[in-house]
Every structure is written in C-alpha cells, then in structure tokens.
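Here's a quick briefing to read alongside the structure.

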Amino acid sequence: MSQKFKQLIVFLILSIFFIKSSVAEITFQEILENPADLEINLKYATEQEALGRYKATLSTLERLSMLYPVNTDIKLYLISILLEMDSVAKLQLMIETMLQDQNTSQESRDYIAGILKTIKQQANPKPKWFAYLDLNYMQTDNSNIDGISKSTKLLVGGVSQPGASNSIGYDKTYSRGKSLTIGKNINETSAISFNGGFAINTQNKGDTYVNDLISSSVSYSKIFGKHYFIPYMFYTRSNERSLADNSSRGIGFNNTYNINQNKSISYTAGYTQKKNNELVSTIGSSDLKNNDTSSASIGYNYTFSDINLISSKISYTKKDAVLGWDSYEGPGLNISYTRVLPFGVVKLDKTYLEDNYKGLNEIIHPSKSREDETEISQIQLSGRISQVIPHIKLLGRITKLIPFINKLEGDLFYTIKHVVTDSESTLFNNSAIRKNTSFSITKRFSLTK
Amino acid sequence: MNKIKFLLISSLIFLSTIAFANANEFIGIVAVGIGDISNQKNEKLITGSKIYFGDTIMVKEKSNAQILLLDETALTIGEKTELTIDDFVYDPQTKVGKIVSNIKVGTVRIITGEISKQNPDNLEVNIPTGSVGARGTEFIVVTESDEKSTIVLLGPGKRNTLGMIPGTLNLSDGLNTINISNPGFQSVLFK
C-alpha cells in the first residue's frame, strides 16, 4: 500500500473522529444542575438530536416549552421532532394548541400549515404500483478518449516506441437512451422494481465507443428498523461496431445502516461476470478477455445542517480474467462532499485507486509487472430544470424563448459533470490523463398517478 | 445459640443500613416545577429540587412538573396527580437498572430512558387498575380513580424518519394482557 494511500486513510479516520467529537459538549450532569437554563438546554437538545438521542431532545424541548411557554421557536422545534418521530396524536394536539394561541405569529401559522399538509400526505397510503419512462440524452467531451500516454510513447517488449499514429485524443461521444421502470410497493417497508433500457452510443471521430446497449435489472428494497437492504441483479448486452459484442451479468447489494438522522454506514458488495463474443483480432481471441469482478465497500456518511453531506468509503476490487495479465486487485478510497443549492445539488468527489496486476504482459514488457495508481477528481451539478428557470428567464427574454422555457417544468432533470482521471503506472503505456466534461438531460414521464 | 443471635442481629443492622441508604439516595430532579408541588414530607418542590428514592410527588391544582430521573426517564406530571417512585436502581456505567413507579391518581406522560432501552421489562408503571410496561416510547397514563385508568401510546410511530424502533406498550389488569403498538391508540383499564 503506497504512502499516499496510507495518508488518505489516516486523514479519513481523523475526520470521522473530529466529526464525532465535535457534537457532544453538554453533559446530562450539567442538565441536572441547570434544568431551566434556556441556552444550555437548547444546546443540549440540538447536540442530542445530532447524536440520534431523540428522546433526550424531546424531553428537553418539552421542559423548555413548559418553562418558556411564549417562545414559539421552541414549540416549532418540538413540532419538527414529533413530525419526524411520527408521533401524530401528540403532534396534532400541539398544533391545535398553537393555532388557538393568539400569540402565534402568521409565520408560525404558515409553518404549521406546511406540517399539516405533510401529515395529510403521510396519511395517504403509497400507491401499490408505480411506473415511469425516462428519456435521456448525454453528450461528453473527452480530452483523451484513447488514453494516449503522458509521454505519448508506448512500451513494446520493454522498448520505448512512438505512440500509435491513429490514436485519437479529443473526441465527443453521444448517448440517447430510454428506460422503463415498473415497481410494486409490497408493503410499507418493502418494494420491488424492474428496469429495462436501451441506449444508442455514438462517437464523433473514432468508433471504439459506438454501440447499442440493452440493459435490465431487478432490485428489491426492505427496511428493517434502522437497516435498509437493497439487493439487486442486472444483465446488459452491447452490440459493438468495432469491438467484440459483450454481455455482463451481476448480483449485489447496496445496504445502509442509519445510526441516526445525521449519520449512516453504507456497505456494498457486488459480483459481475463479463463475457465477450469470440472475435479474433491481431492480439488474439476476444473471449480471452472474459473476466469476473468482485468488489466490496464500506462507507460512512455524515449530514449536517440538513444541506451538507460528507461521505467516505473504502473499497476493494478483485478482477479475475482469463488472461492473467488482465487480472488485478487493489484497494480504493473515496471522499465526497455534497451540498444542496437553490438551483441543484453540487458534489465534489475524489477517488484514489491502487490496482496491482497479477501476470506479466510480455508483449509490453518481459519482466516488469503492472501497478496502477489512479486519482479521479469529479465535480457534478445536478437538479431539476425548473430549479434553474428563474436564473435563465432573462436569457429567455433576450432570445424570445419564454413560452418554451415556461414549459420546462416538472420532471426534467439535468446533470453537468467534469471528471479528471490521472493514472500513473509502472508501465507508462497506462500512465494517462483523461478529462471528460458531460451534460445530460432526462425527461421522466410518470405512468401512474 | 449465641452465634445465631449474633448473626441475626448483624443481619438486621446490615439490612436496615441498606434501607437507610436507599431512602436517602438521590435519583433525579424536579426539572420543571410550576405551581404547588410537594413531597410526602410536605416539603415544597421547585425547579431544581432533588428527588430521592421512595419519594411521593404531589402536584396540586393548576400546577405541573417534569421529573428527570438519572437514567433520563422524563415524567411530565399534570395537575391533581400523586406519584411515587417505589424502586429505582441504576448503574450509569452499564446503563442497567430498574424503575417501579406508582401512579395513585392523575395524569403522567412518560418518555422512557436508558433503563427501558437496555431492558424494557425493567420499567414498570403501576396504576390502581393494573400495570404498564413500555418499550422505547412515549406514553401517557390518566388515572381518574381507583376504578379506571386510560393509557395512550404517543410514539414514535412506524413511519418515523429517524430510524427509531416504534414504541410498544404492554398493559395488564392482573388477569389479561394487551399490547398497543399504534401511536394515538389507547386502552382503558377498569377494576
């Protein structure tokens, strides 16, 4: 394991400890000594909420509500906790009392009206079936689509050679897809959904990434107390223009354990089997590239101020290929920060991977094995088009597109993403920098009410 | 025989020491005291007053209080209520213990604490018409008389978004047992 990787893990552990130690300052003993102190008790309530000790928050807020009956903020805080606790009977009683109180401001009444609407929505049972159709278009600018090495040279038999003259650096790829999802809410805690999709991928100059892709998946979700289980299985098949057609099938799960409202642990595992149709090329039969990949990860997620999420994840991947030199295994580390903004959700993401390949590829080097270190940096902005409409209305006025822009409401989603992948390898053929910028837009048609 | 007498006397002295120690044991505070609140010695209780093992708390008309026990069980007591903490044992290190409280008359809202969290069977609320056991929850007991008590489960509900285990109440009138697991649902125990 490299020094850099170790440093990142130490940083991650320290971050988790910092987050944990930064929330609990007021002790229960201090509350016993100062049961009526507004500042101390309010701080205790928020700290206990952050620690997931909601009953302590509840009893503290009730105490403050008794001691400071005209303080509307305490009552509204208490109402928000009761709403999340699904304590409907008590919530309705509190709301009625507040609405009858002449001291309750209009702002508070508006807030209460919103809560009553939420309660009404919660009272309606979920529909048994749900179905929707997604139409998607994505365009990607690739700075180095063929992965031309940093030195622009290639190792052949351990000797440095000039890079292939037909390699493409900058190119654009386009993807047009549609997918249909049909699901059933089995009961209040479980659901099953089926997805089938078809995508046409094209490339501007080259043809490496030109294919038609058929995909399908089944997933099941189940809630057990604080545990969310989501097992899944999938199958994809690609019809390639220049490469061998291939298919992948796999199973896995994406599970989450909610420690409390702010903290959760996510853990995943997956197994994928990829098969290529036999196609003999200059480097041999393509089915020699068939492989099985297993991966697992465990992550920690921390939400603060409702609009910020910090996630960290450690993973391990193992790929077993028919060709020994195509097999590798190694750890990975991912850290991300997500923030909700008025016009969408921004995500900053950093991934560090170490892949140690097993066998020697003597065509490239007779004695040196391949070890890659890859750093992936990503920035992404996503959301609904309706969230950015207020910001582009001015543009609509200038370009006289106001009627068209006004129609862009509801389930129309956008994603803008910039990814930089920097790979450093013991075999410089694989040392490359790739920069991709993509824009995608998805229109969702809900097929059920 | 002398040896037996000595042992008996020693045991009595030892047991009385324990009882004396328990009777003076601090088990919680009056976290809120509004109006006329007193204990069995007719001492007036105010916000911050200490509660001791075996104390009876009496909340008079137009008064209310919140009692906070050392395991963070919170008892919100309404007017015209009389309540006794008959048993309270709690180890803050292991968070294990036992609470037995007796509501003679009146209204008490209870938010369970660490003792119930560790073992729900170790929280017992006795009422004239029976008893209430609680698992990780908030509930209200209204004892109108020796003949009738109403118990309402308040939460958390099954659709809580906090990952909390939904609350359950176990009620017994001495002969029959019933569970309440839906917030807002109530049961009336008659004698």
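**Briefing on the two-chain model**

B:Asn42 is exposed, because its relative accessible area is 63% and over 50% counts as exposed. Keep in mind that this is a predicted model.

- Most residues other than glycine have a negative phi, and most peptide bonds are trans.
- B:Asn42 has a positive phi, near 65 degrees, and you'll find B:Asn42 in the loop between β2 (37–39) and β3 (50–52) of chain B.
- B:Glu72 also has a positive phi, near 75 degrees, and sits in the loop between β5 and β6 of chain B.
- Is B:Glu72 buried or exposed? B:Glu72 counts as buried, since its relative accessibility is 15% and the cut-off for buried is under 20%.
- The peptide bond between B:Gly155 and B:Pro156 is cis, with omega at about -5 degrees. B:Pro156 belongs to the loop between β12 and β13 (168–172) of chain B.

**Where the chains meet**

- The contact involves 36 residues of chain B and 28 residues of chain A.
- Together the two chains bury about 2800 Å², with 62% of that on carbon and sulfur atoms. Which three residues of chain B supply more of its buried area than any other three? They are B:Glu72, B:Arg159 and B:Leu162, which supply 25% of the area that chain B buries against chain A.
- Four salt bridges cross the interface. For one to look up, go to B:Glu138 and A:Lys90, whose side chains form a salt bridge at 2.4 Å, N to O.
- There are also 11 residue pairs in polar contact between chain B and chain A, counting pairs with both residues at pLDDT 80 or more.
- On the chain B side, β1 (26–34), β5 (64–69), β6 (74–77), β8 (96–111) and β12 (148–155) each give two or more residues to the face touching chain A.

**Chain B overall**

- Chain B has two helices and 15 strands, and 47% of its 191 residues count as buried.
- The accessible surface of chain B is about 9400 Å², 57% of it from carbon and sulfur atoms.

**A nonpolar patch on chain A**

- A:Trp129, A:Leu135, A:Leu180, A:Ile182, A:Phe445 and A:Leu447 make up a nonpolar surface patch with about 540 Å² of accessible area together.
- Strands β1 (129–142) and β4 (171–187) of chain A each supply at least two of the patch residues.
- A:Phe445 lies in strand β19 (residues 432–446) of chain A and is partly exposed, at 37% relative accessible area.

Key. Residues numbered from 1 in each chain as written. Chains lettered and ligands numbered in written order. Predicted model: local features only at pLDDT ≥ 70, side-chain atom pairs only at ≥ 80, totals over all residues. Heavy atoms only, no water. Patch = residues over 30% accessible without salt bridge, like charges linked within 9 Å, V, L, I, M, F, W, Y side chains within 5 Å. Areas by Shrake-Rupley, 256 points an atom, 1.4 Å probe, with all protein chains shown as cover. Helix = DSSP H or I, 4+ residues; strand = E, 2+ residues; numbered from the N terminus. Buried < 20%, exposed > 50% of the residue type's maximum accessible area, 1.4 Å probe, protein only. Contact = heavy atoms within 4.5 Å. Buried area = accessible area lost by both parts, 1.4 Å probe. Polar contact = N/O pair within 3.5 Å; in protein donor to acceptor, adjacent residues only side chain to side chain.
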